Amino acid sequence: MSTATPTRQPVTATAVGTRKRRPLLLDLYGTAVGKKYAMAISGIAMMGFVMFHMLGNTKMYLGAAELDGYAEFLKKLLYPLAPKESVLWILRVSLLGMLALHLHAAWSLTVLNRHARPVRYQSARDYQEASLASRSMRLSGIVVVMFMVWHLLDLTFGVVNTIGTEGEYVRSEVYANVVRSFERWPVALFYVVANLLLGLHLAHGAWSIFQSLGWNNPRFNAWRVAFARGFAAIVVIGNISFPIAVTVGIVSV
Amino acid sequence: MTHSVSNLTLKVWRQNGPADKGQFETHVIESITDEASFLEMLDVLNERLIGENKEAIVFDHDCREGICGTCSLMINGQAHGPQRGSTTCQLHMRSFKDDDTIVIEPWRANAFPIIKDLMVDRAAFDRIVESGGFITSPTGGAPDANLIPVPKPVADAAMDAAACIGCGACVAACPNSAANLFVGAKITHLNLLPQGQAERYKRAEAMVDKMDEHFGSCTNHGECSAACPKEISLDVIALMNKDYRSAKFKNRKQLSRK
């Protein structure tokens with residue numbers, strides 16, 4: 001920025017890039033557009049997870065045996081074709097990989113964006129289209145990740161499950177663990193808040209996927225935003241119903 | 001019968017060269033006809049400043065009929081001001097009310113260094129176009145009509161993209177300083193038409209890679225399209241993303257790459 005006019009690069013005669021080629025996927029991931037593909041694909045994987053996670057949890061409305069039985073079923077996915085828990089671990093590792101990819105791409109794109117405007121506007125911006133959801137993606141994403149850490153410590157590892165309650169954490173007694181956790185109102189409130197932010201994240205993210213992957217067609221463009229909002233609404237309503245149900249006593253031991 | 005707008009407070013960004021820190025400078029416009037364009041209002045102010053032996057405010061302008069893409073200006077936090085689908089030169093003072101405060105800033109992006117006051121260097125756009133925004137083969141004179149058939153919807157979409165005047169409002173409006181709407185428009189313009197097919201994927205790859213050297217990334221806010229004086233749709237970004245992916249995955253022999 002020290003000189004007003006940068007020295008002109010020679011104009012190439014043909015539209016040929018000069019960048020050295022790396023292996024295909026790394027090459028794609030090396031660019032901002034490629035990172036958006038990574039964001040979108042990892043986003044789809046995690047959307048699949050949150051949807052099935054929510055659907056599985058609705059078993060708590062059918063009673064302790066159903067929910068605990070569902071947890072047991074997950075361990076035996078594809079059993080006896082595959083060893084017990086093997087499919088579950090493949091899913092876990094893949095999802096963690098997808099989360100890591102999503103976070104790395106988000107981090108490096110944020111750094112890129114900050115570099116792209118080192119001197120910010122000195123007066124207030126008047127945004128026309130940018131929504132609360134689109135502008136709070138980083139914040140909502142960070143809160144959701146922090147929530148996931150708590151969620152795992154609470155209901156998977158049981159470390160924080162018994163704080164402030166009577167009783168003992170037993171891994172296989174999913175139903176009892178959930179009820180015990182949500183009977184603490186601050187925990188229930190945190191679950192509700194985190195899931196509302198997850199919904200906000202999904203409402204923008206699930207629409208962005210279509211743009212990032214280049215899925216644009218006049219035949220379904222009108223449905224892209226509706227799909228994103230509908231998907232977010234279903235996940236959020238399902239998820240926040242669980243702590244509320246425990247708090248008001250619909251689901252109890 | 002003409003009306004006038006009175007008592008406008010202008011807060012104009014003054015910056016004496018790229019390295020200067022810069023600050024807002026306040027001027028009061030007592031009265032100006034509402035038929036004046038925004039740039040004419042600045043002309044009037046500059047005449048006054050020159051008369052007072054002060055330095056005139058530097059800003060970009062050329063055709064003043066909304067087609068050259070030279071004028072810029074961030075007006076009250078919006079690129080090209082509050083009027084949708086128009087450039088700053090097509091914004092008139094009737095868009096403002098008496099006693100309004102109008103804050104004027106230059107485009108701000110790392111790729112658009114400030115030359116002076118409100119004028120920025122948009123050569124980064126030229127670098128992108130040089131990397132692939134053209135058709136290499138000599139095309140000769142104008143061909144006979146319908147020599148190369150183009151379906152009507154395709155011609156329309158390509159023309160909508162070709163309406164881009166390269167003003168940089170998309171970059172200025174984008175919270176991330178991304179140039180995806182500009183590059184998407186240039187790629188869509190050529191990649192939809194038959195003449196652009198031979199270099200379609202080379203073009204997408206080269207232009208996107210060049211864009212990466214200067215600009216931020218798209219987070220689908222939609223601010224670019226809202227600020228665009230030619231109201232170019234976000235669809236061009238989706239096509240760019242699609243063609244860029246195709247460029248990476250297509251058989252490289254077909255792309256005649258080394």
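How many helices and how many strands does chain B have? Chain B has 8 helices and 7 strands. By helix I mean a DSSP run of H or I of at least four residues, and by strand a run of E of at least two, both numbered from the N terminus.

Before I continue, two remarks on conventions. Residues are numbered from 1 along each chain as its sequence is written, while chains are lettered from A and ligands numbered from 1 in the order in which they are written. The model is predicted, and local features need pLDDT of at least 70, side-chain atom pairs count only at pLDDT 80 or more, and totals for chains, interfaces and linings use all residues.

Let me begin with chain B as a whole. The C-alpha trace of chain B spans about 65 × 45 × 35 Å along its principal axes. Of its 258 residues, 49% count as buried. A residue is called buried if 20 or more other C-beta atoms lie within 10 Å of its own, exposed if 12 or fewer, and partly exposed in between, with C-beta atoms placed from the backbone. Two residues are in contact if their C-beta atoms, placed in that way, lie within 7 Å. Among the contacts in chain B with a separation of 6 or more, 70% are between residues 24 or more positions apart.

I turn now to the sheet. In chain B, 5 strands form an open sheet with mixed pairing, in the order β2-β1-β5-β3-β4. Strands are said to pair if DSSP finds at least two bridges between them. The edge strands are β2 (23–33) and β4 (78–79) of chain B, each of which pairs on one side only. Strand β1 (residues 4–14) of chain B pairs with β5 (residues 101–105) of chain B in the parallel sense, over 4 bridges, and Lys11(B) stands opposite Val103(B) in β5(B). By contrast, β3(B) and β5(B) run antiparallel and are joined by 2 bridges; here Met74(B) has Glu105(B) as its bridge partner. Strand β3 (residues 74–75) of chain B also pairs with β4(B), in the antiparallel sense over 2 bridges, where Ile75(B) is partnered by Gln78(B).

Leaving out residues up to four places away in sequence, Ser31(B) touches Ser4(B) and Ser6(B).

Next, the domains. The domain assignment of chain B gives domain 1 (4–115) and domain 2 (122–249), such bounds coming from an automatic or database assignment. The C-alpha centres of these two domains of chain B lie 29 Å apart. Their contact takes 18 residues from domain 1 and 16 residues from domain 2 of chain B.

The largest one has 113 residues, of which Cys170(B) and Val171(B) touch the most other members. Domain 1 and domain 2 of chain B both give residues to this core, so it lies between them.

Two loop residues of chain B deserve a word. Asn220(B), in the loop between α6 (200–214) and α7 (223–227) of chain B, has a positive phi of about 60° although it is not a glycine. Asn220(B) is buried, with 24 other C-beta atoms within 10 Å. Glu231(B), in the loop between α7 and α8 (235–249) of chain B, has a positive phi near 50°. Glu231(B) is partly exposed, with 13 other C-beta atoms within 10 Å.

Finally, chain A. In total, 50 residues of chain A are in contact with 52 residues of chain B. The elements giving two or more residues to that side of chain A are α1 (24–29), α2 (32–57), α4 (86–116) and α8 (185–212) of chain A. Helix α4(A) has 31 residues, and its buried residues include His102(A) and Leu109(A). In the loop between α3 (64–75) and α4 of chain A we find Pro80(A), and the peptide bond from Tyr79(A) to Pro80(A) is cis, with omega near 10°.

Key:
The expected span of a helix is 1.5 Å times one less than its number of residues. A nonpolar core is a set of buried Ala, Val, Leu, Ile, Met, Phe, Trp, Tyr and Cys residues joined through C-beta atoms within 7 Å.
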